[in-house]
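Hi,

Here is the structure I said I'd pass on.

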Amino acid sequence: MRRGIVFDFDLTLVDSAGGICANLNALAAEKKLRRLQLAEVRRTIGWALADAMRSFWGDGPIEEEWLPRYRSFFEERNYAGVVPFPETVPALRKLRLRGARLGIATNRLTPLGIVRAAGLDTLCPIIVGIDGFSPKPDPAIVLEALRQMGLKADEGVYVGDTDIDMKTAVNAGVAGVGVTTGNHDATALKESGASHVIENLSELPELWEEIK
């Protein structure tokens, strides 16, 4: 029996593309790097941030300079530009009323602050980032979120918007639900291992009743 749902964060629960792009471009201006377009940033959301930076600007002082400064921009701007999709909060409330345990597993390093700023920490109290874990598609963060929920893999579902998320679900041995609010359509999500695909989170409470 399925008892818990773990969510990806960016472009699954929240529209964060604008905020991420703005902060990357603040970093680019400071470090005299190429300015980025929103479309190219959006394509990389869900990747480990270091990998995204390499795709934009090549090899450089990523760990020593770029990552710490980018994270400071997010703190300085109070996570501006990261807001839940309209369907997110109503869907999470319905799922909790239906007995689902909820959590978040994301490739962000330390996601508690931004989840709290988005107002989702009380609805999804289990929050796991990659600090101390390998990034997706390694299943470690999903399995850790389920462990903190007191659940085994076969009791969980992972919901995400990318092929990486669905591969992570497969690697974790959990059911994968793809949502087309990000960069991948239904075909791509199914080919990557999604058991089910929905257009947005408003469809998830009813799907939960079918698959739990």
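Let's start with a pair of glycines: Gly160 stands opposite Gly178 in β7. Before going on, note that this is a predicted model, where local features need pLDDT of at least 70 and side-chain atom pairs count only at pLDDT 80 or more, while totals for chains, interfaces and linings use all residues. Residues are numbered from 1 along each chain as its sequence is written, and side-chain values use heavy atoms, with hydrogens and water left out.

Strand β6 (residues 156-160) has 5 of its 5 residues buried (under 20% relative accessible area with a 1.4 Å probe, protein chains only). Gly156, Tyr158 and Gly160 point one way from β6, and Val157 and Val159 the other way. Strands here are DSSP E runs of at least two residues, and helices are H or I runs of at least four, numbered from the N terminus.

β6 runs parallel to β1 (residues 4-7), joined by 4 bridges, and Val157 in β6 is the bridge partner of Ile5. Another 4 bridges join β6 to β7 (residues 175-179), also parallel. With helix α8 (residues 163-172), β6 and β7 make a right-handed β-α-β unit (with the strands pointing away from you, the path from the first strand over the helix to the second runs clockwise).

Elsewhere, helices α3 (residues 49-57) and α4 (residues 62-76) pack at about 105°, axes 11 Å apart. That makes them roughly perpendicular (65 to 115 degrees). Among the residues that meet there are Met53 and Trp57 from α3 and Trp66 and Tyr70 from α4 (contact means heavy atoms within 4.5 Å).

Cheers

Note on methods
Axes are lines fitted to C-alpha atoms, for helices over the stretch in contact, and angles run from 0 to 180 degrees between N-to-C directions. Angles under 35 degrees count as roughly parallel, over 145 as roughly antiparallel, 65 to 115 as roughly perpendicular and the rest as oblique. Buried means under 20% relative accessible area, exposed over 50%, partly exposed in between (1.4 Å probe, protein chains only). Two strands pair if DSSP finds at least two bridges between them.
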